Amino acid sequence: MTLFKDFPVPPLPPQPKATRYVPPPWAAAPAYELPSVVHIGQFLHRSPTMVVAVKSADVYSTGCSFNLSWLIRRGVQTDEDWADLPHLFFQLGMGIRRGKRLATGLLFGVQFPDGAKASTGNQVRTA
C-alpha cells in the first residue's frame, strides 16, 4: 500500500513519429554492399622514427575507404615533443597545442581523374 494510491496515473503523451535519418552517400559505406578490396601496399613515409603506409582500399559504388598503418618510435624528442604526437594524429584541428610553429598532423589526400582533390585536413598555424 502506498501513500498516493488514490491518485490516477496520467496517460502518456502521444509520441510523434520518428523520422529515420538517412546519411548522405559520402558519409559512410552503403549499408548493404560489400567492398572490392584493392591491395596497395605502398610506403608513404619512412624515417628512423616513423613509418606510414597505405595497406589497401575498400572500394564501394559511392567511394572508397583507405586502410592506413603507421608506427612511431621515440627518437631524440623531448618529453614535450613526444607528448604532442598523439595530439597531432588524433585531435580535431591537428595542431600543436603549444608554441608558435606550423603544424600539420597526419595529412592524407587523393586526386580524382578530373583533377579535383580531397584531403583529411589543412595546415594549421597555432597561436
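1. Setting aside neighbours within four places in sequence, Trp82 touches Ile72, Arg73, Arg74 and Gln77, where contact means heavy atoms within 4.5 Å. Trp82 itself is part of helix α1, residues 79-90; helices here are DSSP runs of H or I with at least four residues, strands are E runs of at least two, and both are numbered from the N terminus. With 29% relative accessibility, Trp82 is partly exposed. On this scale buried is under 20% relative accessible area, exposed is over 50%, and partly exposed is in between, using a 1.4 Å probe and protein chains only.

2. A word on what we're looking at: this is a predicted model, in which local features need pLDDT of at least 70 and side-chain atom pairs count only at pLDDT 80 or more, while totals for chains, interfaces and linings use all residues. Residues are numbered from 1 along each chain as its sequence is written, and side-chain values use heavy atoms, with hydrogens and water left out.

3. Now the overall layout. The protein chain has 1 helix and 7 strands, and from the N terminus on the order is β-β-β-α-β-β-β-β. Of its 127 residues, 17% count as buried. The accessible surface is about 10,900 Å², and carbon and sulfur atoms supply 60% of that; the areas come from the Shrake-Rupley method with a 1.4 Å probe, and for residues only the protein chains shown count as cover. Take the contacts between residues at least 6 apart in sequence: 24% of them join residues at least 24 apart.

4. Back to Arg74, one of the contacts of Trp82. Arg74 forms a salt bridge with Asp79, and the closest N and O atoms are 2.5 Å apart. The rule asks for a side-chain nitrogen of Lys or Arg within 4 Å of a carboxyl oxygen of Asp or Glu, and a search of the whole structure turns up 1 such salt bridge.

5. Asp58 is one I'd look at on screen. It lies in strand β2, residues 50-59, and is buried yet has no salt bridge. The nearest side chain of opposite charge is Lys55, 10 Å away; for charges, Lys and Arg count as positive and Asp and Glu as negative, with His and the chain ends not counted. Beyond four places in sequence, the contacts of Asp58 are Pro35, Ser36, Val37, Gly63, Cys64, Ser65 and Asn67.

6. Next, Leu71 in strand β3. Leu71 is exposed, with a relative accessible area of 59%. Leaving out neighbours within four places, its contacts are Thr49, Met50 and Val51. Met50 is 21 residues from Leu71 in sequence, and the two are 5.7 Å apart C-alpha to C-alpha.

7. Val76 sits in the loop between β3 (64-72) and α1. Its relative accessibility is 87%, so Val76 counts as exposed. Val76 and Thr49 are 27 residues apart in sequence, with 9.3 Å between their C-alpha atoms.

8. Last, the rings. The charged end of Arg46 sits over the ring of Phe43, 4.5 Å from its centre; that label needs NZ of Lys or CZ of Arg within 6 Å of the ring centre and within 35 degrees of the ring normal.
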